[in-house]
Amino acid sequence: MSSIRLFILSSFVELGPMHGHRLRLEAEGKLVHLWTDITVGAVYGAMRRLASEKLLRASGRERDGNRPTRQLYEITEAGRSALDALRRGGLTEVWFKYDPFDLALTRMDAALLAELPALLGARLERLRAMLDESQRINAAAREHVGLAKQWALRHTECRLQAEIDYLTGLLASVPAIVADERHPRPRKPRTPTATDAPSAIS
């Protein structure tokens, strides 16, 4: 699933033929950097790739005053088919990425065990600051976007809050974790099988 491909192709359907600078202004105006993983400046290279794949095609040139002549593009039928698949995939596919934090938590040495409360506390404060900043920026943006985009902005806040709740509970369990790492309780031996879940931790 490519967010930038979805944004570009859907913008061409909505706005018709345009050049890369117009598309960049559209990305900035819709504040996509606040609620997607799109870097606004990346639209130029992504447009060229879509054109090379024949999902966009050149449709003329445009010159505005003394500015340089710009190449216009439009979406193709193949681009419309690709857009339909991207829209459906974005709404139906679940995207989950494992956090390296979890591996690091299970691979600590004695020195890190001693630092664990401070390390987790610092991580928690950074997440709280990220949530505060996200809420501040999103609150200012909400009056400029529709209801669907308001919910998209809220998604990031909910994910940050869930991480804060997790770390708050983890911090409360640090004394028990440290004790268990230093004096492990008996573990049952287990034999991995082909049906083990990929997320299982021995």
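These legends go with a few close-up views of a predicted model.

**View 1. Helix 5 and its buried face.** Helix 5 covers residues 77-92. With 16 residues at 1.5 Å a residue, helix 5 should span 22 Å, and its end C-alpha atoms sit 23 Å apart, which agrees. Look for G79, L83, L86 and G89: these are the buried residues of the helix. Seen down the axis of helix 5, they fall within an arc of 135°, so they line one face. Helix 1 (3-15) and strand 2 (70-75) are among the parts that cover them. Over on the other side of helix 5, you'll find E77, R88, L91 and T92 exposed.

View 2. R88 is exposed at 55% relative accessibility, while D84 is partly exposed at 38%.

View 3. E133 and R136 meet in a salt bridge, 2.7 Å from N to O. Both belong to helix 7 (residues 110-142), three residues apart, so about one helical turn lies between them. E133 is partly exposed at 37%, and R136 is exposed at 53%. The side chains of R142 and E157 also meet in a salt bridge, this one at 2.9 Å. R142 lies in helix 7 and E157 in helix 8 (residues 147-172), so this pair ties together parts 15 residues apart in sequence. R142 is partly exposed at 24%, but E157 is buried at 12%.

View 4. E14, E26 and K30 are linked in a network of salt bridges.

Note on methods. Residues are numbered from 1 along each chain as its sequence is written. This is a predicted model: local features need pLDDT of at least 70, side-chain atom pairs count only at pLDDT 80 or more; totals for chains, interfaces and linings use all residues. Side-chain values use heavy atoms; hydrogens and water are left out. Helices (H or I, at least four residues) and strands (E, at least two) are DSSP runs, numbered from the N terminus. The expected span of a helix is 1.5 Å times one less than its number of residues. Buried means under 20% relative accessible area, exposed over 50%, partly exposed in between (1.4 Å probe, protein chains only). The arc is that of the directions from the helix axis to the C-beta atoms. Contact means heavy atoms within 4.5 Å. A salt bridge is a side-chain nitrogen of Lys or Arg within 4 Å of a carboxyl oxygen of Asp or Glu.
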